[in-house]
Structure formats: structure tokens, C-alpha cells
Amino acid sequence: MNQTSERNWAGNYRYAAPVAHPRTIEEVHQLVAAATQVRALGSRHSFNAIADSPGMLVALDRVDDAIVIDPTALSVGVSGGTTYALHNLASLPHISVAGAIATGTHGSGDCNGSLATAVSALEIVTGSGELQQVDRSTPDFAGMVVALGALGIVTRVTLDIQPTFEVQQFVYENLPWSAVLQHFDAVMGSAYSVSLFTNWLGKTWIRPG
Ligand SMILES: Cc1cc2nc3c(=O)[nH]c(=O)nc-3n(C[C@H](O)[C@H](O)[C@H](O)COP(=O)(O)OP(=O)(O)OC[C@H]3O[C@@H](n4cnc5c(N)ncnc54)[C@H](O)[C@@H]3O)c2cc1C
């Protein structure tokens with residue numbers, strides 16, 4: 001369980017707190033119970049100090065994913081540190097599930113809820129080092145899901161899944177800004193998920209690269 005100082009993904013921020021990498025949930029309990037100030041660190045994709053702590057940071061990246069699929073309930077249980085791919089993705093697949101839901105990370109698509117809306121249950125190691133289990137029947141559950149890491153360390157997450165998913169992508173190049181701005185709602189609502197890419201230099205939207 002080494003503890004080192006680390007940078008965020010973009011390299012623009014160095015965490016003040018040392019980072020512990022426990023390998024078991026039991027070690028998470030022990031770390032939290034022994035610490036005076038502690039916060040969870042996900043896959044370090046936030047660009048600012050939101051995940052930092054005056055005390056210590058706990059990352060779950062070395063805890064076993066322990067993926068459990070329930071085909072009847074159409075749900076999957078994963079460790080908070082598991083990186084994800086589900087019904088509505090951010091622009092990259094290697095952020096952690098717990099870090100993504102804690103900040104309301106979203107993909108695109110007018111009718112798609114963010115990843116947080118697929119969460120049906122959480123296990124949280126609270127400040128006392130105890131394990132709390134909450135689900136959709138718990139009062140204020142939505143606030144517990146998008147909690148910015150303030151309630152403790154989310155060690156397990158249960159998510160809704162779909163039986164199958166077909167994907168097809170259409171890319172339109174050099175779409176003029178003027179056309180997009182004039183028909184913005186129609187463009188954004190024209191498919192399951194719509195993204196616009198620009199390099200801010202020209203007068204058209206560009207191909208994603
Ligand atoms: C290249 C890039 C592309 C991105 N694309 C998108 C995008 O398309 N859409 C979008 O909405 N955002 C996007 N983001 C932002 C990113 O999704 C968020 O910053 C997200 O919080 C990163 O998750 P993380 O696991 O790296 O969390 P961290 O940055 O490590 O931490 C963020 C917050 O989550 C908390 N947290 C992390 N793990 C846990 C845990 N186990 N228990 C409790 N709290 C925890 C931390 O305490 C902290 O408050 C992008 C970021 C990058 C660098």
C-alpha cells in the first residue's frame with residue numbers, strides 16, 4: 001500500500017496529499033478509520049483541485065473490479081474504481097465509474113441521462129470507516145450519487161445495463177457554424193447522441209480526431 005504524491009491526468013495539477021492505493025476494501029476501511037482527513041481519488045481526470053485533500057487520498061485502482069452481472073435485474077455491480085463503458089459515455093472510456101458519477105460526468109444526446117442516472121445502489125465507506133449501503137429507495141439518493149466525493153469513498157456501484165446495444169456513427173464534415181446555430185435544437189436532437197467538434201479557428205465544425 002504505497003503512498004506517493006501524484007499529478008492529475010492532464011499534468012496541470014499536483015495533489016498536495018499523498019495517495020494510498022489499497023488492494024482490498026478492508027484496507028480502505030482501515031485507512032479511512034485511521035485518517036483525520038481523507039478523500040477519494042478516481043482516475044485523476046478532473047482538471048482542478050476538487051479531488052485533493054489536506055490529509056490523504058485513497059485511490060481504488062488496485063482494488064479488484066469484482067464485476068457481478070444480474071441478468072434478471074439488468075444491472076451490473078462494480079468497484080468504484082472500475083473504468084467504464086455504458087449507455088451514455090463521456091468522451092473517453094478510462095475514467096473511473098465513481099469519479100464520473102461523483103461529478104455528474106455526461107455524454108451527449110438530448111434524451112440520454114448521464115451515467116449518474118443509471119446508478120441504482122452504492123456502497124460508501126464513510127468518515128468513521130464504516131460501510132453504508134444506499135439505493136434508490138434511500139432519501140436523497142440522487143444527492144449521494146453526485147456528491148463530489150464529500151460523503152466518503154464509494155467502493156461499489158450498481159448500474160442499470162441493457163441486454164444489447166447497436167452502434168452506428170455518421171460524421172458530417174465542414175458543417176457551417178451559421179447552419180448549426182440557426183438550427184441548434186434540430187441538429188442536437190437529430191440522433192441518439194450528437195457531438196460537435198471545432199478547433200475554434202474556422203467557420204465550420206470539423207471531423208473528430
Ligand atoms: C480528456 C478528458 C475528457 C473528458 N470528457 C468529459 C466528457 O465528455 N463529459 C464530462 O462530463 N466530463 C468529461 N471530463 C471530466 C471528467 O469526466 C471528470 O473530471 C470526472 O470526475 C473524472 O473522473 P475521475 O475518476 O478521474 O475523478 P477524479 O478527477 O479523480 O475526482 C473527481 C471527483 O470525484 C471524486 N471521486 C473519485 N473517486 C471516488 C470514489 N471512489 N468515491 C467517492 N468520490 C470519488 C473525487 O473525490 C473528486 O471529488 C473529461 C476529462 C478529461 C481529462
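These questions and answers walk through a predicted model, from its overall build to its ligand shell. Local features need pLDDT of at least 70 and side-chain atom pairs count only at pLDDT 80 or more, while totals for chains, interfaces and linings use all residues. Residues are numbered from 1 along each chain as its sequence is written.

Reader: How many helices and strands does the chain have?
Author: Helices (H or I, at least four residues) and strands (E, at least two) are DSSP runs, numbered from the N terminus. The C-alpha atoms fill a box of roughly 60 × 45 × 30 Å along the principal axes. The secondary structure comes to 5 helices and 11 strands.

Reader: What distance separates the centres of domain 1 and domain 2?
Author: The bounds come from an automatic or database domain assignment. Domain 1 covers 3-160 and domain 2 covers 175-205. Taken over C-alpha atoms, their centres are separated by 33 Å.

Reader: How many residues of domain 2 are in contact with domain 1?
Author: Contact requires C-beta atoms, placed from the backbone, within 7 Å. Domain 1 brings 5 residues to this contact. By class, that side of domain 1 has no nonpolar, 4 polar and 1 charged residues. Domain 2 brings 6 residues.

Reader: Which residue of strand 9 stands opposite Ala121?
Author: Two strands pair if DSSP finds at least two bridges between them. Strand 7 (residues 119-125) and strand 9 run antiparallel, joined by 6 bridges. The residue opposite Ala121 is Thr158.

Reader: Which residue takes a positive phi in the hairpin of strand 7 and strand 8?
Author: Strand 7 and strand 8 (residues 131-135) run antiparallel, with 5 bridges. Ile124 has Gln132 in strand 8 as its bridge partner. The hairpin has 5 residues between the strands, and the positive phi, near 90°, belongs to Gly129.

Reader: Is Thr103 buried or exposed?
Author: Thr103 lies in the loop between helix 2 and strand 7. Beyond its neighbours within four places in sequence, Thr103 is in contact with Ser46 and Leu148. A residue is buried if 20 or more other C-beta atoms lie within 10 Å of its own, exposed if 12 or fewer, and partly exposed in between, with C-beta atoms placed from the backbone. Because Thr103 has 22 other C-beta atoms within 10 Å, Thr103 is buried.

Reader: Which helix gives the most to the shell around the ligand?
Author: A residue is near a molecule if its C-beta atom, placed from the backbone, lies within 6 Å of it. Of the 30 residues around the ligand, Gly42, Ser46, Ala98, Gly99 and Gly149 come nearest. Strand 3 (38-41), helix 2 (97-102) and strand 9 (153-160) give two or more residues to the shell. The most, 4 residues, come from helix 2.

Reader: How many residues of the shell around the ligand are nonpolar?
Author: Ala, Val, Leu, Ile, Met, Phe, Trp, Tyr, Cys and Pro count as nonpolar, Asp, Glu, Lys and Arg as charged, and the others, Gly among them, as polar. The shell has 12 polar and 2 charged residues. The nonpolar residues number 16.

Methods
Two residues are in contact if their C-beta atoms, placed from the backbone, lie within 7 Å.
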